[in-house]
Amino acid sequence: MLTFFLPFQMNAFARRLRRTAPSSGDCHNELVTPPAHSRVNGWSLPLHSFQLIGWLVYSYMAVVAFGIYIPLLPPPWASAVYAVVGITFLFHLVAHLLAVSIDPADPSVRARKNYSLPMPVLDRKKHPHVIQNLHCHLCEVDVGSRVKHCSNCNKCIADFDHHCKWLNNCVGGKNYWCFFVTVASAALGLLVLLLLVLFIFIEAMANPALLRTSPHFDSIRENGTWLVFLPLVPLETSQAGLLVLAFATFLLALVSFLLLGHLLGFHIYLLTRNMSTYDYVVKQRHTNAPREKLETAAQSASSKSVSVQHLPHVETTIDCDAPLPGKTSALRYQDKGQIAGPLSAAFCTEMDGLRQNPGNAVTSFPHLPKSHSQRLPGGVNADDAVFWRQGKDEWMAAQGFPRRVSGEGAPVAQNPLGSSVMKPMVDHQQQQMTLPPQELP
């Protein structure tokens with residue numbers, strides 16, 4: 001029985017709360033769960049945990065400020081701080097309630113949409129994007145150019161800025177200034193509260209009499225006993241408890257002030273640039289995309305270089321005893337035929353010199369004088385012609401081909417393929433090849 005219900009429980013808990021795309025299956029409109037309803041505002045269920053934390057922090061700060069620390073101030077300062085903190089907290093409360101309660105949806109969505117009906121399903125095979133050609137295929141209305149469809153609220157938001165989890169609502173054109181006043185008033189109220197708690201903490205250790213000016217302290221003889229929630233419900237507490245609470249309140253207010261101050265500064269920056277949070281995020285994505293491509297290319301190049309460095313070293317050798325292939329070692333001399341032969345001893349001697357002295361960029365052959373490097377007709381060096389002719393005779397003898405001498409004394413060899421006979425060289429070329437080097441023209 002347990003093995004029967006286990007897959008069902010896993011599938012039930014793995015479902016997404018909101019689904020705007022069809023699941024993979026035989027039918028492209030098949031859904032795992034029914035489509036969710038669109039949210040009206042920040043009070044629509046389910047409430048976000050950040051929203052609850054925000055209201056708890058606000059309530060705690062209000063109780064601590066108005067019930068514990070402001071009543072301890074001397075009469076001239078108590079009235080001024082009551083006014084400043086009271087106005088700031090009241091502005092924050094009104095702006096917070098408006099920012100949560102306002103529906104920031106596009107006017108065409110509010111005029112046509114029935115929030116009691118479920119959200120239609122987006123068919124990705126027909127429409128790749130939710131909003132295409134200024135038409136939302138989920139809300140089924142025409143929208144403006146600055147409208148974005150919020151997946152958390154399941155509706156199109158006019159002048160979309162961002163979805164705020166602390167408000168549990170989208171921030172758009174209709175409630176942006178309420179959101180801005182909420183952040184600014186909260187930052188100002190926390191700054192005043194920080195100064196107040198810091199003053200109480202210092203004076204409670206340095207000059208406690210300055211904080212005990214209320215008439216309710218006249219009936220208390222011990223200096224270590226303090227009163228809170230003056231003047232309506234006086235409750236006694238110790239000095240240590242008062243200081244510990246002040247220290248905890250100071251830390252909480254400081255962290256909240258830093259976070260809200262950063263958020264306030266960011267939105268002031270956006271206002272000066274006439275940008276929304278969504279525009280800023282899109283701009284950062286376009287800016288970081290080339291960097292990511294460059295980093296990816298650099299990583300791939302470095303990986304390739306590392307792989308090349310780890311390749312084994314291959315040493316090339318030259319076999320002096322092996323015959324040269326016909327296509328690479330043949331000497332074409334005025335298209336009269338091909339002469340091939342093995343590497344000579346002189347060439348191997350020079351190759352040994354290259355192995356012993358690899359640093360030389362230019363290799364000279366000492367047994368061939370520079371005056372002998374003359375050219376025969378057709379661009380062939382005379383020394384090379386003599387060298388390759390001797391190699392040809394040796395190769396013919398090694399292969400067992402018969403030698404034939406023409407009328408001029410030039411050897412004639414049968415082609416190994418048997419198709420033709422290699423023709424003798426021209427008379428004046430043979431004479432030049434047999435002349436001593438000093439008699440070359």
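Author: Let us begin with strand pairing. In this predicted model, strand β7 (residues 225–228) and strand β8 (residues 235–238) pair in the antiparallel sense over 4 bridges. In this pairing, threonine 225 stands opposite serine 238 of β8.

Reader: How many residues lie between β7 and β8, and which residue in the turn has a positive phi?

Author: The two strands form a hairpin with 6 residues between them. Phenylalanine 229, in the turn, has a positive phi of about 60°.

Reader: Let us turn to helix packing. At what angle do the axes of α2 and α3 cross?

Author: Helix α2 (residues 49–69) and helix α3 (residues 75–101) have axes that come within 11 Å and cross at roughly 165°. Angles over 145 degrees count as roughly antiparallel, and α2 and α3 are therefore roughly antiparallel to each other. Their crossing is left-handed.

Reader: Which residues of α2 and α3 meet?

Author: From α2, the residues are Gln51, Trp55, Tyr58, Met61, Ala62, Ala65 and Phe66. They meet Tyr82, Val85, Gly86, Phe89, His92, Leu93, His96, Leu97 and Val100 of α3. By class, this contact has 12 nonpolar, 4 polar and no charged residues.

Reader: Next, single residues. Is asparagine 168 buried or exposed?

Author: Buried means under 20% relative accessible area. Asparagine 168 has a relative accessible area of 5%, so it is buried. Its place is in the loop between β5 (162–164) and β6 (169–171). Not counting residues up to four places away in sequence, asparagine 168 touches Arg39, Asn41, Gly42, Ser44, Pro46, Leu47, His48, Gln51 and His163. One of these, Gln51, is also among the α2 residues that meet α3.

Reader: Why does phenylalanine 201 count as partly exposed?

Author: Partly exposed residues fall between the buried limit of 20% and the exposed limit of 50%. Phenylalanine 201 counts as partly exposed because its relative accessibility is 24%. This residue is in helix α5 (residues 176–206). Leaving aside neighbours within four places in sequence, phenylalanine 201 is in contact with Leu243, Ala246 and Phe247.

Reader: How far apart are phenylalanine 201 and tyrosine 69 in sequence and in space?

Author: Phenylalanine 201 and tyrosine 69 are 132 residues apart in sequence, and 9.7 Å apart in space, C-alpha to C-alpha.

Key. Residues numbered from 1 in each chain as written. Predicted model: local features only at pLDDT ≥ 70, side-chain atom pairs only at ≥ 80, totals over all residues. Heavy atoms only, no water. Axes fitted to C-alpha atoms, helices over the stretch in contact; angles between N-to-C directions. Parallel < 35°, antiparallel > 145°, perpendicular 65-115°, else oblique. Left-handed = near helix turned anticlockwise from the far one by under 90°. Contact = heavy atoms within 4.5 Å. Nonpolar A, V, L, I, M, F, W, Y, C, P; charged D, E, K, R; others polar. Pairing = 2+ DSSP bridges. Buried < 20%, exposed > 50% of the residue type's maximum accessible area, 1.4 Å probe, protein only.
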